[in-house]
Amino acid sequence: MEQITSLFLSDLHLGSKYCKIEKINQILKKYRPENLFLIGDIFDGYKLKNKFRWCNEYNFLIRKILGYIKKYDTKVIYVTGNHDSFLRQFTDENFGNILICDEYIHTVGDKKFLITHGDHFDTICNKIPVLFTCGDWAYSFVLWLNHWINIVRGWTGYGYYPISKLIKKQVKSAVNYMNNFEHVLAEYTKKKQC
């Protein structure tokens, strides 16, 4: 197991049917971080609320993280996102070596990095919840479609192709343009001197 300074994981969506838990657990078997950053949407509260879905691989992930803390004194920083916003009631609480926060400033040498999930800067999430719900439904459909298309691709000898990632990238570009997301986030980062 390779020791590293920091490991960043985001948008795992534990509880979602299409969570890539096997790949996540492979990463955790490979590295032993001093700092583990869990950056938003680690749990998918929306999906868990509608249809509770939990598997042993999720338990392995949690045991692995707790093992890092106990065995190696790993510091875990959990930055909440919109899908795990139910944890925001514990913002700035420290549970052993697990800090829950909305944002975190990580210092490396003389550089400061703002670590945030970004949903705070997304006007669609915050101001037009109906549109967000429709988008979430559409994205779930695309993930379902992606799953079946890649099964057919596998049967015909082609490798995995992330169609959902391609569509999400196009939609995100349009949303970012409408929100002026990157500019707002860059200004906020400067304000925090990061």
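Visitor: Leaving aside its neighbours within four places in sequence, which residues is L61 in contact with?
Guide: This is a predicted model, in which local features need pLDDT of at least 70, side-chain atom pairs count only at pLDDT 80 or more, and totals for chains, interfaces and linings use all residues. Residues are numbered from 1 along each chain as its sequence is written, and side-chain values use heavy atoms, with hydrogens and water left out. Contact means heavy atoms within 4.5 Å; on that criterion L61 touches L12, L14, I21, I24, N25 and L28.

Visitor: What makes a set of residues a nonpolar core?
Guide: Its members are buried Ala, Val, Leu, Ile, Met, Phe, Trp, Tyr and Cys residues joined through side-chain atoms within 4.5 Å, where buried means under 20% relative accessible area (1.4 Å probe, protein chains only). The largest such core here has 23 residues, and L61 is among those with the most contacts inside it. Its largest share, five residues, comes from α3. A second, separate core of eight residues includes V79, L99, C101 and I115.

Visitor: Why are β1 and β4 said to stand at the edges?
Guide: Strands are DSSP runs (E, at least two residues), numbered from the N terminus, and two strands pair if DSSP finds at least two bridges between them. The open sheet has the order β1-β2-β3-β5-β4. β1 (2-10) and β4 (93-95) each have a single partner strand, so one side of each lacks a neighbour in the sheet.

Visitor: How many bridges join β2 to β3?
Guide: Five bridges join these parallel strands, and the definition of pairing requires at least two; β2 and β3 are therefore paired. Within β3, V76 is the bridge partner of L36.

Conventions
Helix = DSSP H or I, 4+ residues; strand = E, 2+ residues; numbered from the N terminus. Buried < 20%, exposed > 50% of the residue type's maximum accessible area, 1.4 Å probe, protein only.
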